[in-house]
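Student: I am new to this structure. Please show it to me, and then let us go through it step by step.

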Amino acid sequence: MSIVALKNVSRIYESGGRKVYALNKVSFTVEEGEFTVILGPSGAGKSTLLNILGGIDKADEGEVKISGQDIAALNEKEMSGYRAERVGFVFQFYNLIPTLTVRENVALMKELKRDAVSPDEALAKVGLRGHGRKFPDQLSGGEQQRVSIARAIAKNPDLLLCDEPTGALDSETGCMVLSELRRLCKEEGCTTLIVTHNANLAKAADRIVRVKNGRIVENLVNEHPVSIEEVEW
Amino acid sequence: MLIRKMLRDIYKNKVQFTAIFLMMFIGCFLFSGITGEWKGLEKHFNDYIHNQNMADIWAFHNFTDTDMEKIRKDDRITEAEGRIVLPMAPSGNKEASLDCYVAESNNISRLHVKEGVPFDSSKKGIWLDALYAGENHHTVGEDMELQYKGLEITGEILGLVYSPEYIYGASEGGMMPDHKQSGFAWISPKLLPGEMPYGLNEIVVKTAGPEKKQLIQDILGDSKVETVEASGQPGISMVKDEIEQHRTIGTAFSAAFLLIAVMIVMTTMHRLLKNQKMQIGILKALGFTKKKLIIHYLSHNAFICLAGAFGGFVCGYRFLPVLIYKFMKQMYVLPLWEGFLPSVYYLLPLGCTFLCVIISGLICRKYLKPDAATVLYADLPYGKMKELPRAADYLGFAGRWNLRDIARNRLRSFMSLCGILGCTALLFCAFALYDTFVNLSDWTFTKQQEYECKITDLPEEKEQQDILAMTDGEYLMEGSASILTGAASAESDGEGNRKNKKEAKKDVALTVAESTRYVKLAEDLDTFTRADGGVAVSKKTADRLHIKKGDILTWKPAGGGSYIRSEVKAVIRTPLSQGIIMMREDYEGAGRVFEPTSIIGKEPANGFGPYEDECSISYQKDLTGGIDSMMEGMVMMITILVIGAVILGSVMLYNLGILSYMERYREFATMKVLGFADKKIRKIMIQQNVWLSVLGILTGMPAGYGLLQYLLSTIPDSMDIPVFIKTASWVLSAAGTLMLSFLISRIVSRKIPHIDMVEALKAE
């Protein structure tokens with residue numbers, strides 16, 4: 001069974017008195033453990049897609065099944081539970097809590113999920129052992145993004161959703177962060193979906209989903225993904 | 001275009017700007033209101049005593065015509081008038097007592113005519129206290145009958161008048177004037193029977209130089225003459241005290257609110273400029289000069305501050321003096337009650353606005369100084385975070401988060417603390433004032449003074465014995481005494497005679513009781529003591545003169561004689577009559593003659609019979625009524641304090657709550673995205689407010705106690721009001737503040753479910 005299965009999903013906004021389809025009858029699936037890249041130009045609807053998968057936005061039409069459960073039918077409270085238990089987020093601007101230390105930012109997950117990985121272990125996984133007592137603003141952009149990844153994977157999510165995770169980073173750091181994500185996807189078996197407008201990244205993905213004008217224009221499996229380091233930036 | 005942007009910015013930040021407006025409004029409201037009130041009081045009071053040619057010295061004794069002549073001829077005296085003063089009872093109102101003045105002229109302490117004709121001794125008539133007349137429905141032209149020990153005087157009321165000597169007209173033993181039962185009247189000598197059985201017993205003078213209490217005694221060479229100088233006249237000293245107190249209170253409260261307004265301006269400007277970092281960068285990039293942008297951002301606060309300050313100033317001056325005078329009129333009598341503000345004070349709204357503009361300007365400079373690129377792309381300094389002590393690990397992540405947030409936003413947290421502290425202090429003060437005044441009446445008349453009635457103007461010895469028997473009463477002697485203080489006291493010789501020419505002499509009240517059966521000596525509300533073998537000193541006098549238990553007091557009763565040295569056996573609380581209290585046995589033991597001025601005792605079941613007309617009798621219930629009237633004024637003050645507390649607490653907490661919410665909006669959004677339930681995030685938000693509330697309440701209680709003490713210190717020196725606070729008041733003020741804080745936090749935290757996670761996470 002596919003871990004992600006979208007069927008005829010639409011997200012409609014009102015703009016100037018007319019309906020604008022951010023997503024228009026989108027259907028696609030993602031298999032468990034896949035490293036998926038969602039590609040598309042600005043305004044294509046890829047972030048909306050990710051938000052719907054993450055339970056921070058709701059589809060107006062269609063089914064959004066995660067491990068067989070239709071999250072479009074969940075109420076607010078159930079949606080919070082879904083986000084807390086099953087989804088990990090990595091944001092373009094890291095979204096760390098500046099008044100908490102690195103370790104405390106990751107330890108937040110313990111508040112949500114009892115069996116969350118210890119913060120030290122999660123930080124070790126992203127190569128930040130020994131940085132736990134620092135505050136986010138004492139770290140570089142790349143390091144902050146790795147803290148964000150550590151926070152996301154600390155709760156062993158079913159889905160790791162990354163919205164332009166390298167958007168605010170230079171290419172070298174971006175490459176490092178993506179390598180980290182890919183490695184965790186493979187080693188931890190965590191299904192990862194990355195939204196990006198960098199088409200070159202498709203070469204490293206197990207699955208490529210192309211979005212344009214709110215529609216899926218391509219959903220293909222990459223039989224021979226290359227390593228992140230081999231991707232041309 | 002920028003004006004439209006400004007208006008939209010103000011609308012978008014309406015909570016903060018409303019808070020600025022309100023605090024500025026309240027600050028200026030209080031300032032112009034209270035200043036207008038005390039300035040008006042000062043002006044009209046000074047005008048009144050000046051225009052009426054208020055006396056400099058009052059002398060009391062049985063004077064002869066020769067005495068009068070001696071005084072008139074002395075170079076140090078510019079004017080002198082003699083009077084016969086008799087306490088008379090109006091027929092038809094046996095319980096009332098009027099101080100009746102019979103005099104040939106009234107050039108000193110001239111009467112102010114409200115209705116009728118000015119005093120003229122050649123006309124047959126009565127000039128009656130206008131307030132007494134009002135309460136008892138007397139009018140000009142009607143006849144009035146007055147009685148005094150068999151003497152009956154009937155005459156037409158020719159005028160309704162105010163006297164500058166009756167600015168404060170409380171009767172003996174009372175706190176509040178009762179114009180229905182007491183007052184004064186001036187009687188033309190033409191109304192008197194042919195042979196007047198009484199001589200001059202009061203002389204008033206105007207002096208050439210500074211007033212000197214001993215002057216009349218020196219002129220007459222009689223140390224038994226009792227004198228009061230203008231500064232010791234209750235009406236003058238109390239009004240002057242009131243003016244000073246109102247000036248201090250007005251300045252303190254206004255400054256507090258204006259300070260809060262300035263702090264809100266600071267936080268609002270910081271937040272506005274931080275949030276508009278991108279807009280500032282864009283405007284700069286488009287070519288707007290720094291000067292233009294500074295003017296734009298300054299105008300945000302300038303308009304709001306000016307509107308608040310000007311509105312508050314106008315409303316305060318318009319309404320507050322009227323409201324305060326309404327209650328002051330119960331205490332004091334002046335012909336004109338009108339606020340007054342010198343024109344320079346009209347600059348206050350501009351001054352407040354200018355101050356806020358300067359502060360805003362300094363903040364703006366910091367944000368607008370960098371070039372466009374720096375503003376657009378550089379991160380704002382976030383403020384260095386510090387590691388918390390190990391103990392903070394036990395707080396959990398929410399606790400640590402809140403702790404660091406408080407440390408990071410010190411100004412915001414400090415302001416919240418100030419708001420809660422102020423709210424608690426005002427609430428506590430209001431409840432404690434209520435308790436204290438409710439207790440005052442009960443304590444004074446059931447525990448401290450246990451007599452039911454007091455009879456003054458005592459008749460002959462035989463009749464006095466009769467009254468003593470029917471009331472199961474005791475004699476009481478009340479008068480005044482002088483205490484030598486400091487070096488002067490130390491330099492008096494062993495026999496108690498003064499050696500020091502530079503004397504420091506203080507006049508106080510003297511009470512000599514036969515026992516402590518009816519007049520208890522209370523060390524505090526529950527502890528009663530005795531002063532056998534020495535004297536007791538009232539706490540207010542002891543504090544004023546730095547006297548403590550065990551000290552040796554050098555003093556003498558008014559009316560001459562040498563000084564006495566007595567040990568202070570107790571410092572006691574007594575609501576009225578501040579000074580020396582001692583027992584008859586000790587007084588006579590010191591070689592003094594006990595001369596009773598009244599009898600105190602129980603109210604006879606069958607009334608006083610013939611003594612009703614012959615004596616002045618005051619009943620405890622009348623005095624309780626006086627305190628009750630005082631309570632009415634107090635209830636108004638309590639209401640103002642409670643309203644002030646709620647406004648201050650609500651505005652500050654809501655404004656800062658919103659500020660905190662806006663500042664942490666992105667963090668809350670992130671937490672929501674991570675899966676934190678709204679309830680949990682709301683709890684985190686409320687937790688911080690609860691912490692600050694607890695801290696504010698803990699500091700607010702002592703502050704409230706201090707405020708209470710301060711307010712009580714503003715009551716006239718002749719009164720002492722012991723503080724009494726019920727446990728319920730402590731609990732209620734703490735619980736009230738906590739509830740208010742919790743309620744406001746709940747209201748603010750209701751925004752959490754409406755956080756738009758998608759929008760919040762879009763932009764940096």
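Tutor: A residue is buried if 20 or more other C-beta atoms lie within 10 Å of its own, exposed if 12 or fewer, and partly exposed in between, with C-beta atoms placed from the backbone. This is a predicted model: local features need pLDDT of at least 70, side-chain atom pairs count only at pLDDT 80 or more, and totals for chains, interfaces and linings use all residues. Residues are numbered from 1 along each chain as its sequence is written, and chains are lettered from A and ligands numbered from 1 in the order in which they are written.

Student: Which residues does B:Cys429 touch, not counting residues up to four places away in sequence?

Tutor: Two residues are in contact if their C-beta atoms, placed from the backbone, lie within 7 Å. Leave out residues up to four places away in sequence, and B:Cys429 touches B:Leu641, B:Gly704, B:Leu707, B:Leu708 and B:Leu711.

Student: What percentage of the residues in chain B is buried?

Tutor: Chain B has 22 helices and 21 strands. Its C-alpha atoms fill a box of roughly 105 × 55 × 55 Å along the principal axes. Of its 764 residues, the buried ones make up 44%.

Student: How many residues does the contact between domain 1 and domain 2 of chain B take from each?

Tutor: The C-alpha centres of these two domains of chain B lie 53 Å apart. The contact takes 10 residues from domain 1 of chain B and 16 residues from domain 2 of chain B.

Student: Which element gives the largest share of the side of chain A that touches chain B?

Tutor: The contact takes 23 residues from chain A and 20 residues from chain B. Helix 2 (76-86) and helix 3 (102-112) of chain A are the elements that give two or more residues to the chain A side. The largest share, five residues, comes from helix 3 of chain A.

Student: Which are the edge strands of the open sheet in chain A?

Tutor: This sheet has six strands in the order 6-7-8-3-9-10, with mixed pairing. Two strands pair if DSSP finds at least two bridges between them. Four bridges join strand 6 of chain A to strand 7 (residues 159-163) of chain A, in parallel. Pairing on one side only marks strand 6 (87-90) and strand 10 (215-221) of chain A.

Student: Which residue stands opposite B:Trp555 in strand 18 of chain B?

Tutor: Strand 17 (residues 552-557) of chain B runs antiparallel to strand 18 of chain B, and four bridges join them. Strand 16 (residues 535-538) of chain B pairs with strand 18 (residues 564-572) of chain B in the parallel sense. Opposite B:Trp555 stands B:Ile564.

Notes
Domains from an automatic or database assignment.
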